[in-house]
Amino acid sequence: MSQLIVLGVQWGDEGKGKIIDFLTEFTNIVVRFQGGGNAGHTLIVDGKKTVLHLMPSGILHNKVVSLIANGVVTDLKLLSEEINNLSQNNIKVTKDNFQISYNTHLILPYHKLIDKYREERRNNKIGTTQKGIGPAYEDKVARRGIRFQDFLNKERFDKLLKRNIDYYNFQFEYYFGKDKINYNDIVAESDFLREFFAEYGKDTTLTLHNATLKGENILLEGAQGTLLDIDHGTYPYVTSSNTTSGGGIIGTGHATYSQTSVLGVFKAYTTRVGEGPFPTELHDEIGELIAKNGHEVGATTGRARRVGWLDLVALKYAIRINGLTSLAITKLDVLSGLDKIKVAVAYKYEGENLNSFTNNIEILNKVEPIYQSYDAWDNSLPLDSIRVYEDLPENAKKFIKALESMLEIPIEIVSVGPDRRETIVINNPFR
Ligand code: GDP
Ligand code: IMO
Ligand code: MG
């Protein structure tokens, strides 16, 4: 048995979905451990595109069991749309291949509304996805949340819902000056969703434990990225969950430390959506070119992603905070044809070199990256046609080797295109 945590090590959208879909061939279970509908994971298989928000990225493989674990905040309406969409594309989601933890907390309509109203009101906007993530995690921590097990019991749910709607309506009316929401409408929608989801409820900690006893492999799927972690990210410009590897243990209740490896997924450059510091951000035509070649538009919100060079100061921090055992680099193909590729190796702050990352936003907003340049490779050989590491252009191999030597952990996977098959495995992390 081996357990692999796969997570993003920048500000999200590293291509985790693609890598997880690729690696699902080698596992029995894929379990999503945090976040909610804020995530957008794009999978492309033989040219056919699927975008997932809540469904684990292993769902396209039949025979693999997908789990939504306790650490996720689940919007059942969004999830039902995703399931219907998959079913129209011949991907059947049944109780045999999909389970939802009894302990996952629900995102309800008032969470999405308050997320939106708060963003409208803030002077320093966070740029949330307005999917109700922060408010749902707040309710969980305040012990006011409604879990999937509460939802399955109509009497209990209706009572808890009434209490929470009174609480939120007070704020809508008196603090935000907005319309109140209607209890009966949400009860009616929930009755419908209860029937839809009745068969999926499970104690997913037991599913994981039993799989381990049978010697099966497990893949823990992270959403967002390390620098969006509520504790270790660029607070307050973060999401409201632990996106780092520790979140994988809490968010699943499956603590098999000795058999666990942690694979960090990073882009060959950096992107960020929403507000917050971004030391290597580009505001020039090279940035525009990378954004264009990389199609850097958010899968959840449709917002343009900010683009910058790869930041090794941030990446070394992510390696340390997550205890990464190896890396996957994505979108290497996007850098083809550039003249030079730059990589930040340190920051300068007030005349001094800073060699380690900081969560101090004021400092991070002022640091100047110190760059090392690498020669790129030309467009004559499309990278997305390459399947073996040795066939990559010499300069691409030099670039990868230089990164490995500075980061001091192996790069095991190189992604050269968005399609599942456009992947080079140097070493399979499910060893
Ligand atoms: P995630 O949130 O980490 O799963 O990443 P997203 O799916 O939001 O964004 C990554 C985008 O890059 C998607 O459109 C993918 O189809 C695409 N992608 C992933 N890997 C590669 C790659 O190696 N090359 C190129 N060109 N596109 C990629
Ligand atoms: P995936 O899984 C990129 C960002 C938002 C915002 C901040 C807080 O596709 O990588 P939230 O709605 O979570 O309260 O927003 O976090 N954000 C993401 N950025 N990819 C994501 O997910 C993100 N999920 C949240 O843009 O800056
Ligand atoms: Mg994404």
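Some ground rules come first. Residues are numbered from 1 along each chain as its sequence is written, while chains are lettered from A and ligands numbered from 1 in the order in which they are written. Because the model is predicted, local features need pLDDT of at least 70 and side-chain atom pairs count only at pLDDT 80 or more, with totals for chains, interfaces and linings using all residues, and side-chain values use heavy atoms, leaving out hydrogens and water.

Ligand 1 has 18 residues around it, and K16, G17, G40, D333 and S415 come nearest (a residue is near a molecule if one of its heavy atoms lies within 4 Å of it). Sorted by class, this shell has three nonpolar, eight polar and seven charged residues; here Ala, Val, Leu, Ile, Met, Phe, Trp, Tyr, Cys and Pro count as nonpolar, Asp, Glu, Lys and Arg as charged, and the others, Gly among them, as polar. Helix α1 (16-23) and strand β3 (41-45) each supply at least two shell residues, and α1 gives the most, with three. Such helices (H or I, at least four residues) and strands (E, at least two) are DSSP runs, numbered from the N terminus. Ligand 1 lies between domain 1 (3-101 + 201-260) and domain 3 (266-425), because both give residues to its shell; the domain bounds come from an automatic or database assignment.

Polar contacts, meaning pairs of N or O atoms within 3.5 Å, turn up here too. A backbone N or O atom of G15 sits 2.8 Å from an oxygen atom of ligand 1, and for a backbone N or O atom of K331 the distance is 2.9 Å. Taken alone, ligand 1 exposes 580 Å², and the protein buries 92% of that (areas by the Shrake-Rupley method with a 1.4 Å probe).

What about ligand 2? It is surrounded by 20 residues, the closest being D13, K16, H41, T129 and T239. Its shell has seven nonpolar, ten polar and three charged residues. On its own, ligand 2 exposes 550 Å², of which the protein buries 98%.

Finally, there is D179, placed in the loop between α6 (154-175) and α7 (183-197). D179 counts as exposed because its relative accessibility is 66%, and exposed means over 50%. D179 and G233 are 54 residues apart in sequence and 35 Å apart in space, C-alpha to C-alpha.

How values were computed: Polar contact = N/O pair within 3.5 Å; in protein donor to acceptor, adjacent residues only side chain to side chain. Buried < 20%, exposed > 50% of the residue type's maximum accessible area, 1.4 Å probe, protein only.
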